[in-house]
Amino acid sequence: MTNFFKKISYTIAQRIWSTKYPELELPEMPPESTVNTKLLGSRFDLLKSLPRASRGAELGVNKGEFSQAIMEIVEPEELHLVDTWTDKSLHQMCIDQFESLGKVQLHKTYSLKFLKDQESDSFDWVYIDTDHSYKTTLEELMESSRVVKNNGLICGHDYTLISSKGILRYGVVPAVNQFCKDQNYELAFLTHEAHRHLSFALRKRT
Ligand SMILES: C[S@@+](CC[C@H](N)C(=O)[O-])C[C@H]1O[C@@H](n2cnc3c(N)ncnc32)[C@H](O)[C@@H]1O
């Protein structure tokens with residue numbers, strides 16, 4: 001292909017992409033929300049910062065790879081694994097791996113439905129990793145702020161703008177920043193992986 005046709009094809013593809021995935025407004029994280037932020041190497045270090053023997057939930061589980069790390073590193077007293085699991089084989093894989101462990105409860109449902117069914121101030125932490133859209137993430141953060149204890153942590157994955165395959169626009173950054181601004185939360189931990197699919201942990205400002 002000549003450079004001219006390459007340029008035209010690229011421009012057309014970019015126009016279609018920008019129409020399908022319009023740019024989101026990007027509110028900044030308020031400065032007062034980052035004064036106490038601790039930078040961690042990876043999300044496995046974040047797990048080391050979560051309280052042992054705690055009550056937690058992973059929202060968005062997929063094959064359960066990170067759930068396994070949670071079990072090994074956090075050793076929670078009670079772990080709730082929540083996913084819609086449209087792929088039956090993945091659901092079965094998680095049932096086989098976790099259900100007999102006693103401390104783990106699996107919930108095949110939407111994250112928001114799960115959160116709305118929980119009592120207020122009943123979790124030490126949650127880790128959000130579902131569809132990464134602005135709307136879902138903001139709603140998950142709002143509902144988590146009710147469900148997580150006052151001194152607890154609201155954590156999540158993919159604090160980044162674009163999906164790993166470079167196709168989808170993620171709404172996690174604007175949702176987290178907006179939430180911290182409106183609800184007076186601070187960024188307690190931020191991870192620093194080279195691939196930039198960062199994890200965050202938020203806590204209520206005192
Ligand atoms: C990125 S994967 C989770 C990966 C997992 N946390 C890990 O680190 O290994 C996202 C998962 O979220 C699930 N999901 C997407 N939207 C959801 C929603 N609204 N409620 C519950 N699960 C959802 C998908 O089925 C998928 O398995």
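User: How many helices and strands does the protein chain have?

Analyst: Helices (H or I, at least four residues) and strands (E, at least two) are DSSP runs. In this predicted model, the protein chain has 7 helices and 8 strands. Its radius of gyration, taken over C-alpha atoms, is 18 Å, close to the 17 Å from the globule rule (2.2 Å times the number of residues to the power 0.38), so the chain is as compact as a globular protein of 206 residues.

User: Which residues come nearest to the ligand?

Analyst: "Near" asks for a heavy atom within 4 Å. Of the 14 residues around the ligand, Glu 58, Gly 60, Asp 83, Ser 111 and Asp 129 come nearest.

User: And which side chains have a polar atom by a ligand oxygen?

Analyst: A polar contact is a pair of N or O atoms within 3.5 Å. Oxygen atoms of the ligand lie 2.7 Å from an N or O atom in the Asp 83 side chain, 2.9 Å from a polar side-chain atom of Arg 43 and 3.2 Å from one of Asn 62.

How values were computed:
Residues numbered from 1 in each chain as written. Predicted model: local features only at pLDDT ≥ 70, side-chain atom pairs only at ≥ 80, totals over all residues. Heavy atoms only, no water. Polar contact = N/O pair within 3.5 Å; in protein donor to acceptor, adjacent residues only side chain to side chain.
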